[in-house]
Amino acid sequence: MSDNQNLLAEQRRALILDEVRRRGGVRVNELTRKLNVSDMTVRRDLDALARQGVVEKVHGGAVPVVEASSHEPGFEAKSSLELGAKEAIARAAAQLVTPGSAIALSGGTTTYALAHRLLDVPDLTVVTNSVRVADVFHAASRRPGSREGAATVVLTGGVRTPSDSLVGPVADRAIDSLHFDLLFLGVHGISVEAGLSTPNLAEAETNRQFVRSARRVIVIADHTKWGTVGLSSFASLEDVDTLVTDAGIPEVLREEISEHLADLIVAGGADLSGTD
């Protein structure tokens, strides 16, 4: 983590967060040496991370915020976080969709951002368990002068979660009867050990069904999701074909992820796709 004077603020803060979570706490003077930046810069970074609710400042440093693995933030609480990263990820993920595809979008604020980017892709069939995602396509179809080739949207049904996803047996049965070319999957957390995870047990089962029904699984997740572990794991990294993330993810994590995935797309940064 040395020689990082020229890191962008988001990249530097991702490195700090990873260090805090890995070690259980860090001191300001340790970070200044490792990042080769001033005390003032480190303190500003810690202030920013504390405002995001991912670290707690203590005298001389910071410790991780220990959030219950079963805590599920609502859609509105998550929608204002990492907006720039989510938009960059949505733009990159949209490039993977071809006209006429059958795709699935899970719930989440990043898939919501992606839905807006897919409105101009003709003849899509979109299966989703997200009320918010379905609303994006529905609102577009009702605008004056809406075009031919607008997406056909299938909303799974089910029980609504705090993140406005529909889950449970009704959703699971609907997904089980379908087959998708691409699945775009938002996640609560992602790590090498736990894979993909969520705090909601019913959503975990619905996501498992999504993964089983997809020919290609594409996870879209900003750098803050790395290292977060929810109550229930529903897929391993080996189940994922492509991860689309943002340039805030540190180089050391990119290398670690690339050891487990064939394709890593860094929106706004290097594409580390595999060759197979």
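A salt bridge is taken here as a side-chain nitrogen of Lys or Arg within 4 Å of a carboxyl oxygen of Asp or Glu. The structure shown in all views is a predicted model.

**View 1. A salt bridge between Arg215 and Asp181.** The closest N and O atoms of Arg215 and Asp181 are 3.0 Å apart. Arg215 belongs to strand S12 (residues 214–220) and Asp181 to strand S9 (residues 180–185), so this pair ties together parts that are 34 residues apart in sequence. Arg215 is exposed, with a relative accessible area of 68%, whereas Asp181 is partly exposed at 26%. A search of the whole structure finds 10 salt bridges.

**View 2. A salt bridge between Asp45 and Arg13.** The N to O distance for the side chains of Asp45 and Arg13 is 2.8 Å. Because Asp45 lies in helix H3 (residues 39–52) and Arg13 in helix H1, the contact ties together parts that are 32 residues apart in sequence. Asp45 is buried, its relative accessible area being 0%; Arg13 is partly exposed, with a value of 24%. Through salt bridges that share partners, Arg12, Arg13 and Asp45 are joined into one network.

**View 3. A salt bridge between Asp47 and Lys57.** Here the closest N and O atoms are 2.5 Å apart. Asp47 is part of helix H3 and Lys57 is part of strand S2 (residues 55–58), so the pair ties together parts that are 10 residues apart in sequence. Asp47 is partly exposed at 30% relative accessibility, and Lys57 is partly exposed with a relative accessible area of 40%.

**View 4. The second largest pocket, with helices H1 and H10 in its lining.** This pocket holds about 300 Å³ of space. Its lining comprises 16 residues, and Asp18, Arg21, Trp226, Gly227 and Leu253 lie nearest the centre. Helix H1 (9–23) and helix H10 (251–258) each supply at least two lining residues; H1 gives the most, with five. By class, the lining has eight nonpolar, three polar and five charged residues.

**View 5. The largest cavity and its lining.** A search of the whole structure finds one cavity of 30 Å³ or more. About 40 Å³ of space lies in the largest cavity. Its lining is formed by Ile190, Ala221, Asp222, His223, Trp226, Leu243, Thr245, Ile249 and Ile257. These residues divide into six nonpolar, two polar and one charged. Trp226 lines the largest cavity and is also among the residues nearest the centre of the second largest pocket.

Definitions and conventions
Residues numbered from 1 in each chain as written. Predicted model: local features only at pLDDT ≥ 70, side-chain atom pairs only at ≥ 80, totals over all residues. Heavy atoms only, no water. 1 Å grid on protein atoms, 1.4 Å probe; cavity = no way out; pocket = protein on both sides within 12 Å on 5 of 7 lines; lining within 4 Å. Points joined across faces, edges and corners; volume = space filled by probe spheres on them. Nonpolar A, V, L, I, M, F, W, Y, C, P; charged D, E, K, R; others polar. Helix = DSSP H or I, 4+ residues; strand = E, 2+ residues; numbered from the N terminus. Buried < 20%, exposed > 50% of the residue type's maximum accessible area, 1.4 Å probe, protein only.
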